[in-house]
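Q: Please take a close look at one part of this model, and then connect it to what else can be said about the fold.

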Amino acid sequence: MTSSASSSSGSAQLFSCPFCGLRDADSYALHFHIESTHTPDSPFVTAEEKGLCTPCPGRETGYVLCPEPSCGDPVLRIDLQTHLDMHLAERVALTELGDDCGPFIETGSIRASKSTSKGKRRSHKPSGSKSHRSRRKGLVEVTIKSEPSSSSKKARRLGTSELGPYAMEQQMPPDLYNQLAAGPPISYHMEFGPNKTLVRVATVANETPNLIPVIAKLCEKDPNVAYAWLCHDGVRHIGKQLPREGGFCGYRNIQMMISYLQSAHFEGGSNPFPGMVPSIIKLQEWIEAGWEMGINDHGKIETGGIKGTRKYIGTSEAETLFVSRGVTCGAKHLTGSDTIEAHEALLDFVENYYEKARPSGPTNRILQTRRPPIYFQHSGHSMTIVGLEVYQDGSRSLLVFDPSFSPSPGIRDLVGAKRIGSKIDGTPLLKLHRRGTQYLQKYKEFELLTVQANPRDTDILEGLHLNPFLKRTFGWPFGRR
């Protein structure tokens, strides 16, 4: 610790932190700062806080705890403001939007509507047009090649930048482990099924089904949306099981992908995830079992093992789990180039992915497809892509389920509604699900994982699904979640 005195004899002496330059006139306060921030195994830091890197003032790296009482997630400092804005969007209720949505009855079909493009960047034509295909020439897509498992010899132990603030954790708190292993609370009720008979229906506390049709209606209601695609409507939003449970976003996104596999009703009894969505602890067991099978086994060295910990996982672990369970899947890494930025490459890929589901002939402006969702990873966080919007000005936005945030009361109240009232402004309701250029351009690379669609829904088999499993060859992973 160094000191500096002001030239004025009346000024207090300032002490400087030798690690980050923080200055303070209170020497004890600065000693505590050094102990709590820069000293490994400090006695001033509780067991729960060990490994949580709280950045010094002015620095834009490291994790901070979200101050929301119901959250408390470790969040990258550069993402904190966006994270807090999403918490505000979580609270939007219909009463704030002028509710006149009418009777909440079984969802009807989405009405086709005409739209005239005014976009400057491109014309709004189906992506089979020449103008759309030519724009995709700059897309940088790196498909990971299958390699022998001996590549694990080159693996290294990862740290907090990839595995999060609990990178060195050996075991999460016992109470948290037990609650995650038990799974979320489940309640049951009776309702009429398709054949007018009463059926027993389970409601899982942290799962929200039937959101896709609501999002489709809100997109259709927005005059700024030229057209949009959405994924299979059986995908459920799955969020936190417990307040302040930690960063389990990677696992929650795997669970959302599993909800598609469960809903798509694969023929021949081939659904590898019967029953309820597996718990986080069960997913950890399956990932480690996949490593033992030689699937992306470098992950075992890189993480030091994940079972019973809060270490972040990423695309590699999601792929390991699905391949080990017999699910055909493929990973993709997207970066920018001299001709296209990374976020544009991402939006191009997702638009092309859903455009493949467009039927021939005239279609609705808002197309609800049978395509699977996409596991989506960028530095520090992961989400599930459930669709894409193209606006009248030519800009685009992903539609996502983000496990860090619960669907707002307003959007939950619209589940099952036949129509949405004319006075309701859908923009606040969709904010939680939109990730546009302003958000995406902060990141320079992305990872995606897609699973094979139910053959009854599509006959498309993409090339990236042809490898038995895929290996990292370009320096993965970046920050997981």
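Is the crossing of α7 and α10 right-handed or left-handed?

A: In this predicted model, the crossing of α7 and α10 is right-handed. Helix α7 covers residues 249-263 and helix α10 covers residues 315-324. The two pack at an angle of about 30 degrees, and their axes are 11 Å apart. On the α7 side, the residues in contact are Ile254, Met257, Ile258 and Leu261. These meet Ala318, Leu321 and Phe322 in α10. By class, this contact has seven nonpolar residues, with no polar and no charged ones.

Of the 18 residues that line the largest cavity, Val75, Asp79, His83, His381 and Tyr439 are the closest to its centre. The elements that give two or more residues to this lining are β5 (74-76) and α2 (80-90). By class, the lining of the largest cavity has eight nonpolar, six polar and four charged residues.

Asp79, one of the residues closest to the centre of the largest cavity, also forms a salt bridge with Lys442. The closest N and O atoms of this pair are 3.4 Å apart. In total, the structure holds 17 salt bridges.

Note on methods:
Residues numbered from 1 in each chain as written. Predicted model: local features only at pLDDT ≥ 70, side-chain atom pairs only at ≥ 80, totals over all residues. Heavy atoms only, no water. Axes fitted to C-alpha atoms, helices over the stretch in contact; angles between N-to-C directions. Helix = DSSP H or I, 4+ residues; strand = E, 2+ residues; numbered from the N terminus. Left-handed = near helix turned anticlockwise from the far one by under 90°. Contact = heavy atoms within 4.5 Å. Nonpolar A, V, L, I, M, F, W, Y, C, P; charged D, E, K, R; others polar. 1 Å grid on protein atoms, 1.4 Å probe; cavity = no way out; pocket = protein on both sides within 12 Å on 5 of 7 lines; lining within 4 Å. Salt bridge = Lys/Arg side-chain N within 4 Å of Asp/Glu carboxyl O.
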